Amino acid sequence: MPSTLPEGDPAPPDGRLPEDALATLPERPFGVYVHVPFCSVRCGYCDFNTYTLTELGADGASVATYADAALRELDLAATVLGPALPKVQTVFVGGGTPTMLAAADLVRVLRGIRDVFGLADDAEVTTEANPDSVTPEGLQALAEGGFTRVSVGMQSAVPHVLRVLERTHDPDNVGRAVEAARAAGLQVSLDLIYGTPGESEQDWLASLEAAVSLAPDHISAYALVVEEGTKLAAQVRRGQVPAPEDDDEAAKYELADDVLGGAGYGWYEVSNWALREEARCRHNVGYWSDGNWWGVGPGAHSHVGGVRWWNVKHPNAYAGRLASRVSPAQGRETLTADQRYDERVLLGVRLVDGLPVGDLREDGRRSVAGLVADGLVDGAAAVRRRRVVLTRTGRLLADTVVRRLLGLR
Ligand SMILES: C[S@@+](CC[C@H](N)C(=O)[O-])C[C@H]1O[C@@H](n2cnc3c(N)ncnc32)[C@H](O)[C@@H]1O
Ligand code: SF4
């Protein structure tokens, strides 16, 4: 969730939703995202909506009071969603650095979600964590409080790469965090980044092998994006570090797929691999499959039945609104049929099961044969299963495939 908010229309002060959007609640999986906007330091490449404690100042939102603000937003959610409140299937606490909050506060927020919505018996409950901000006791407390999964920001195993990213963690702490999470009974995911300036293919291979040697249940690997306004973007602009290169990133994606595939991890979304089908991140699959979700926290986005809204960005404004019993939603938009179609294509085609050919509009259906001929879409899946599934080359060029399916060229 990069930190720039869309324009949209003003959101109503009570957050009320149209009846036709509410009517979709019983039909779709429902998730809750909780954004924790604090980090001990900001990494030079990161554009997420997060703040160091010095940036927030003494009188603003704080780590100590954050859980109370989040619980107030959950009360508001109960009023807005009304009697059709669905049971929550997935919870994802992301950031920022959620593990800067005390484990007891994260568990308190989860209890709030359970009290307000009810939590499915087999709910997936994830928190993101930085390797240096977890302890065995904290992870144990999270597991006892109902968390089922932890996603650790490993990024790289190579010290000089971590230095360019300005990651402050000790690489050895990734292994310690994974061991402690597993001992607590939590599933583990690792996040990796490739394409960092100065990262050789050998470095990337070392990171992949280090990740695989820890045997996590799930691995995400993202190409480094140079986000406008970050310190990294300024360094690239001044020529202090080279920009990531497409060919280098493509070669590293293929290496990732080879190493992860060879170790038994199957891709199920262009940037995500899981050791077993049950280890796929159900919360993210909900985002990619037109699910409904409520996003709690500053700058968090929500979606119910084609209505999308987003909260005020700054934690102080967020806490202030909730203290005055005003919805923190700043803007909203109701997606048109065309926008929903575009999103379905954009997100659905990135999944391993792809898109039913029959869901495409006429021009999209007509483009499939050409995409197969160009080696971007799997011909057998298109003919036998009538689905548009990306080949590996297609995964590298997913944006091109989407443009062609949408007739944009
Ligand atoms: C925003 S972080 C939050 C969790 C935690 N603070 C961490 O750093 O792992 C979630 C993931 O987004 C990745 N990320 C942030 N900025 C990125 C960028 N510019 N390019 C690629 N990945 C990025 C992070 O490295 C991390 O794995
Ligand atoms: S720790 Fe994570 S959220 Fe915080 S600045 Fe770094 S990448 Fe962004």
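User: Which conventions apply to the numbering and to the predicted model?

Analyst: Residues are numbered from 1 along each chain as its sequence is written, while chains are lettered from A and ligands numbered from 1 in the order in which they are written. Local features need pLDDT of at least 70 and side-chain atom pairs count only at pLDDT 80 or more, whereas totals for chains, interfaces and linings use all residues, and side-chain values use heavy atoms, with hydrogens and water left out.

User: How many residues surround ligand 1, and which are the closest?

Analyst: A residue is near a molecule if one of its heavy atoms lies within 4 Å of it. Ligand 1 is surrounded by 17 residues, of which Gly96, Asn130, Arg167, Asp191 and Val225 are the closest. For polar contacts, the pair of N or O atoms must lie within 3.5 Å. A nitrogen atom of ligand 1 is 2.9 Å from a backbone N or O atom of Gly96, and a nitrogen atom of ligand 1 is 2.8 Å from a backbone N or O atom of Val225. The side chain of Arg167 has an N or O atom 2.7 Å from an oxygen atom of ligand 1.

User: Which residues surround ligand 2?

Analyst: The shell around ligand 2 consists of Cys39, Val41, Arg42, Cys43, Tyr45, Cys46, Gly96, Thr97, Asn130 and Arg167.

User: How many disulfides does the structure hold, and is Cys43 buried or exposed?

Analyst: A disulfide is a covalent bond between the sulfur atoms of two cysteines. With the criterion of a pair of cysteine sulfur atoms within 2.5 Å, the structure holds 0 disulfides. Buried means under 20% relative accessible area, exposed over 50% and partly exposed in between, computed with a 1.4 Å probe on protein chains only. Cys43 counts as buried because its relative accessibility is 12%, and Cys46 counts as buried because its relative accessibility is 18%.

User: Which residues line the largest cavity?

Analyst: Rolling a probe the size of a water molecule over the atoms shows where empty space is left. On a 1 Å grid over the protein atoms alone, a cavity is a set of points where a 1.4 Å probe fits but cannot get out, and lining residues have an atom within 4 Å of a point. The largest cavity holds about 30 Å³ of space, and Val34, Val36, Tyr66, Val93, Leu101, Leu106 and Val109 line the largest cavity.

Technical notes
A polar contact is a pair of N or O atoms within 3.5 Å; within protein, one must be able to donate a hydrogen and the other to accept it, and residues adjacent in sequence count only if both atoms are side-chain atoms. On a 1 Å grid over the protein atoms alone, a cavity is a set of points where a 1.4 Å probe fits but cannot get out, and a pocket is an open set with protein on both sides within 12 Å along at least five of seven lines; lining residues have an atom within 4 Å of a point. Grid points are joined across faces, edges and corners, and a volume is the space filled by probe spheres set on the points.
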